[in-house]
Amino acid sequence: FFSDCWFCGRIRRRTMESGPVCTPFQYILIPADKDKEPVVQHFNGATDDELRNTLGQYFQQNCISVGQSAELREHLSAQVNKQMKENAPQEEKDTATSGMLDTVLSNSSTTFEIVPIIYPTVQTDYVGTSLYVDQVGVFKELPLNDRASQLASRAIRGDAFMLRSLDDPRSDEWRRVDCTLQFYQDLLTKPPNKAMEPMEQARAQQALQAAEQKEISSADAEEAQKLKQEGNSCFGNQQFEEATAKYGDALALLNGRIPEDLNAAVRDLLNVCRLNRAQCNLKLEKWEKVIQDCTVVLYEDEHHPKALFRRATAYTKQGEFGAAYADLQKAEERQGDNSEIAKLLAQVKKAEALDKKRKQQQFGKMFG
């Protein structure tokens, strides 16, 4: 089930065509119970069908009663009446309603609704964020989830999952990407103001279509190379905001389909600009932006040492020591004996041990 918006229509089409690429990733469980903290969930399956079944089965744990089922039937009947012609036979409408009800109650992959909260645009490097919520939470009389409701700008009932996906229109595939606790916390602190207005939706849709249709030229690549060099000069002068803007302008020029003869050069330039921008954002202490750029580079090469090291640095600053440790181990496998990696790895181990000790002390105080 999808909310009624252009982006959800895009998800529907993409899912029907191929479904997202699924490699191991993490997402966030947001409990409806205010006393329970959000929890990182790890998906290690191979297909998106497995993920949908996992989420669907979770929502099916809360069964619907006979009385609630009757309310749901009335709701679905009203939907059917809206969708079918007025002169359609009542028997046909009743059959459609029963079919929808049976599907909702029996099929784990259709027991959730996808609620988009951040749309994939150029500004987000085509990474979108959505909540997966119980499709019939209202009829099950599940408790209001204040945190999820704040993120979605609408009432959400029951537990919710936050997932992120890369939907780059220049590529023939889309994939699930990590959703970190820090990202969730930052978004909750400053949630999206409201749902996209129709004009905003139209502009975002046009931008996606333009990126799908535009082919990068050699002139675009040359200008982007020039902007990258200007960014390097700004960085050398410790003008980190200016450098970030230059790298961003270079990336914008390369926003389109890459012709075969430019493929290697353009992809290399894209990665360099993203990594350089990540380095600027390390200096500016914008940790989530560092993680975002490095993660995009790691889609191309999951063992890229600079991307792993810079992302691990940002994870460490956010206190996500497990994620930092995993990245540093991968970087060490590629780089071998590297003093910078070894130094940060030692810091992460020490910080993780101190954090574990602090939590144990807090737990001990709670229970005497």
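The structure is a predicted model, in which local features need pLDDT of at least 70 and side-chain atom pairs count only at pLDDT 80 or more, whereas totals for chains, interfaces and linings use all residues. Residues are numbered from 1 along each chain as its sequence is written, and side-chain values use heavy atoms, with hydrogens and water left out.

Cys-280 counts as buried, at 0% relative accessibility, where buried stands for under 20% relative accessible area, exposed for over 50% and partly exposed for what lies in between (1.4 Å probe, protein chains only). Cys-273 also has 0% relative accessibility and therefore counts as buried. Across the protein chain, 46% of the 368 residues are buried. The protein chain has 14 helices and six strands, these being DSSP runs numbered from the N terminus (H or I for helices, at least four residues; E for strands, at least two). Of the contacts in the protein chain with a separation of 6 or more, 65% are between residues 24 or more positions apart, a contact being heavy atoms within 4.5 Å.

Both Cys-273 and Cys-280 belong to the set of α10 residues that meet α9. The axes of α9 and α10 are 9 Å apart, and the two helices pack at an angle of about 155°; axes are lines fitted to C-alpha atoms, for helices over the stretch in contact, with angles running from 0 to 180 degrees between N-to-C directions. This angle makes α9 roughly antiparallel to α10, since angles over 145 degrees count as roughly antiparallel, those under 35 as roughly parallel, those from 65 to 115 as roughly perpendicular and the rest as oblique. On the α9 side the contact involves Phe-240, Ala-243, Thr-244, Tyr-247, Gly-248, Ala-250 and Leu-251, while α10 contributes Leu-270, Cys-273, Arg-274, Asn-276, Arg-277, Cys-280, Asn-281 and Lys-283. By class, eight nonpolar, four polar and three charged residues make up the contact of α9 with α10, with Ala, Val, Leu, Ile, Met, Phe, Trp, Tyr, Cys and Pro counted as nonpolar, Asp, Glu, Lys and Arg as charged, and the others, Gly among them, as polar.

Helix α8 is a further partner of α10, the two axes coming within 11 Å and crossing at roughly 25°. The angle makes α8 roughly parallel to α10, and α8 passes α10 in a left-handed crossing. Here Ala-221, Ala-224, Gln-225, Lys-228, Asn-232 and Phe-235 of α8 meet Val-266, Leu-269, Val-272, Cys-273, Asn-276, Gln-279, Cys-280 and Lys-283 of α10. The residues of this contact of α8 with α10 divide into eight nonpolar, four polar and two charged.

The axes of α10 and helix α12 (residues 305-317) likewise come within 11 Å and cross at roughly 25°, and α10 and α12 are therefore roughly parallel to each other. The crossing in which α10 passes α12 is left-handed. The contact is formed by Leu-275, Asn-276, Gln-279 and Leu-282 of α10 together with Lys-306, Ala-307, Arg-310, Thr-313 and Ala-314 of α12. Four nonpolar, three polar and two charged residues make up the contact of α10 with α12.

Gln-238, in the loop between α8 (218-236) and α9 (240-253), has a phi near 60°, a positive value in a residue other than glycine. Gln-238 is exposed, with a relative accessible area of 62%. Glu-285, placed in the loop between α10 (263-283) and α11 (287-300), has a positive phi of about 60° although this residue is not a glycine. Glu-285 is exposed, with a relative accessible area of 56%.

Among the strands, β5 (residues 160-166) holds Leu-163, which is buried, with a relative accessible area of 2%. Leaving aside neighbours within four places in sequence, Leu-163 is in contact with Phe-25, Tyr-27, Leu-51, Leu-55, Gly-128, Thr-129, Ser-130, Tyr-132 and Arg-176. The C-alpha atom of Leu-163 is separated by 9.7 Å from that of Ile-114, the two residues being 49 residues apart along the chain.

Notes:
Left-handed = near helix turned anticlockwise from the far one by under 90°.
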